[in-house]
Amino acid sequence: MQVTIMKNPEQLVQQLTAPKASDGCDAMKQLLAISEESNRVYPFLARFLDLLNHDHSYVRTRALLLIAANAKWDSECQIDENLDKILAHITDPKPITARQFIQSLPALAAAKPDLRKEILDALRRADSLRYSSSMRPLIDADIRRATLAICLEENAKQQR
């Protein structure tokens, strides 16, 4: 199946909350691709922060991934100012949202090295006991991998 490309970031941001999950997912993928190349999505960061309170976990996941992808463009320090609200999703009520967000944290930390300590502290404090016994080991493994990746990146930067 071919994805139709909507070049306008504003249209794509509106699609993030589309009733059809695949439409929202396609919009997120396109926004992530745009975010990789330019800061054209960054003006919508406040909207992504608002979506962290959305009832649907798919929408929260999309917002979290887009926040992490746009960290490198965050010249206004919106992420810094909302870090506690963002990091609370390490233990999002939905384990799939938590997992995807945890996996995005190394990229966020790389883009915002001044936030590494807070991110690592939040990962260390994360309590996976709220999740079912089938999800807990997966989340714990994600936390370990993210922590390791962030620490390795920090060590590599120190050696340069």
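How many helices and strands does the chain have? I found nine helices and zero strands; both are DSSP runs numbered from the N terminus, helices being H or I with at least four residues and strands E with at least two.

I noted that this is a predicted model, where local features need pLDDT of at least 70, side-chain atom pairs count only at pLDDT 80 or more, and totals for chains, interfaces and linings use all residues. Residues are numbered from 1 along each chain as its sequence is written, and side-chain values use heavy atoms, with hydrogens and water left out.

Overall fold. I looked up the extent of the C-alpha trace, which spans about 40 × 40 × 30 Å along its principal axes. Of the 160 residues, 45% count as buried (under 20% relative accessible area with a 1.4 Å probe, protein chains only; exposed is over 50%, partly exposed in between).

Helix H2. I checked residues 21–37: the end C-alpha atoms are 25 Å apart, which agrees with the 24 Å that 17 residues should span at 1.5 Å a residue (1.5 Å times one less than the number of residues). Its buried residues include Gly24, Met28, Leu31 and Ile34. The buried residues of H2 pack against helix H1 (9–15) and helix H4 (57–69).

I located Ser38 in the loop between H2 and helix H3 (45–51). Is Ser38 buried or exposed? Ser38 is buried, because its relative accessible area is 19%. I also found that the Ser38 side chain reaches the backbone nitrogen of Arg40 at 3.3 Å.

Key: Contact means heavy atoms within 4.5 Å. A polar contact is a pair of N or O atoms within 3.5 Å; within protein, one must be able to donate a hydrogen and the other to accept it, and residues adjacent in sequence count only if both atoms are side-chain atoms.
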